[in-house]
Amino acid sequence: MHVAEPLFLRSPLWHTGSSMTSITGTRPMSAEYAKLPNTIRLVARADGVTLARHEFSRGTLAIGSADTNDIIVKHETVSRKHVELHADGDTLYVKDLQSRNGTRLAGSRIGEAFVTVGHVLLLGGVELRIENGDEPEAAKLGQLEGVSKSMRQAIEALRKVAPSEATVLLEAETGSGKDVTARAIHLASQRAEKPFETLDCSALPKDLAAAQLFGHVKGAFTSADKDRAGAFERANGGTLFLDEIGELPLELQPLLLRALESREVRRVGDEKVVKVDVRVIAATNRDLDAEVAAGRFRRDLLHRLAVVRVRIPPLRERLEDLPILVRSILDQLGPRARGFTLSPNALKRLGEHHWPGNVRELRNFIERALALGTAMPGETLTDDEPAEESGPTIDYKQAREEALASFEKEFVAHLLRVFDGNVSRASREAGLDRAYLHRLIKKHNVETK
């Protein structure tokens, strides 16, 4: 799948006089761009919190912090009368009402512009998302979200089991969000204010696996220089998430089974038994029934773990959730992703990919595209090895330097747009030394205003 065009919309249309103009010149709006659903949903969000939501069909809406607006958005960066939206037929038009902090579309400040479903307007520091109101609202549990049938079924099952004390086995491919799912269960349970402890069974050193699970006392083995609590004790009162449980060494499985049944643990090298109150959530990317048949996993342990068994669908089975996942990832990326939106053609092409790495692969792709400001020219996203590029060859060192320079310039320009030229704040939010950011600004001749 080629992504030859920008992944994120960076060149909005804005009104100058009597023509609709883009950064690259005048161009007409396509029918696909202008088509609107019967119902338009507006969602205002800041710092991961929804401040307002509103659905309408056609007409004019005033948006701002004053109580006289049709949509009231209480935020220190939103003006009393900030922006006006007008929907008529298949046209959705936005007009900034001379707001203090401005209205931005795809990183550029606008006065007036045509917009459509999928766009994100930035009102000061608040994102106003334009969504298709004809589509059903997503099912949600914590950070889990989806509109696809398979994800709705999974979320519904998790919502039912979360308040209980039942042990849950999550079955999902690598990168499908097992940790996010386990945390969502924990936060929806009665133990939400208690510890959430994660132990990756695939990363346990074989000779120290028991100590990692149950703890040890000083002198129990060569490197045991002091007493140390294990995962069960650290999670006491809360939830213990055993990730990749299928990787747990066979000789350790009877000890885990005993701990699950008795809710007691004994530290390595100690005679004392410690009572623990722990809810266990396990996850695996293996077929544990096949592992049992092959003698690599105990049947009685599987039965103890799989009190409730929930399958998390891979991304290729829930492609309808791509817009939601992209939006969620951008939310998690914080201020540097504020105001960005996905171009319709790029979203369509993302849906043609197999996504063997699931949501983790999607996140990595979006982070790379966001950092570069666009997909790399000629970049291929395939399930197999990318084909060789045709055309003139280029020296590796030269290509690397050009790519780095392009990335630096785009990244610095985006930072300064997001933080309105405030170099101190931009450097702080991006984790850069301020002097270094000044050098990059000078090196690439980036405007700070």
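Modeller: What follows takes some labels one by one and sets each against its definition. This is a predicted model, in which local features need pLDDT of at least 70 and side-chain atom pairs count only at pLDDT 80 or more, while totals for chains, interfaces and linings use all residues. Residues are numbered from 1 along each chain as its sequence is written, and side-chain values use heavy atoms, with hydrogens and water left out.

Biologist: What makes F196 and F241 an aromatic pair that is stacked?

Modeller: Rings of Phe, Tyr and Trp (its six-membered ring) pair if their centres lie within 6.5 Å, and planes under 30 degrees apart count as stacked, over 60 as edge-to-face and the rest as tilted. By this rule there are four aromatic pairs. For F196 and F241 the centres are 6.4 Å apart and the planes 25 degrees apart, so the pair is stacked. F196 lies in strand β18 (residues 196–200) and F241 in strand β21 (residues 239–243), 45 residues apart, where strands (E, at least two residues) and helices (H or I, at least four) are DSSP runs numbered from the N terminus.

Biologist: Why is the pair of W355 and F365 called edge-to-face?

Modeller: The centres of W355 and F365 are again 6.4 Å apart, but the angle between the planes is 65 degrees, which is over 60 and therefore edge-to-face. W355 sits in the loop between α10 (344–350) and α11 (358–372), and F365 in helix α11.

Biologist: How do you know whether W355 is buried or exposed, and F365 likewise?

Modeller: Buried means under 20% relative accessible area, exposed over 50%, and partly exposed in between (1.4 Å probe, protein chains only). W355 has 0% relative accessibility and therefore counts as buried, and F365 is buried because its relative accessible area is 3%.

Biologist: Why are helices α13 and α14 called roughly perpendicular?

Modeller: Helix α13 (residues 423–430) and helix α14 (residues 434–443) pack at an angle of about 110 degrees, with their axes 9 Å apart. Axes are lines fitted to C-alpha atoms, for helices over the stretch in contact, and angles run from 0 to 180 degrees between N-to-C directions. Angles under 35 degrees count as roughly parallel, over 145 as roughly antiparallel, 65 to 115 as roughly perpendicular and the rest as oblique, so α13 and α14 are roughly perpendicular to each other.

Biologist: Which residues of α13 and α14 meet?

Modeller: With contact meaning heavy atoms within 4.5 Å, V423, S424, A426 and S427 in α13 meet R434, L437, H438 and I441 in α14.
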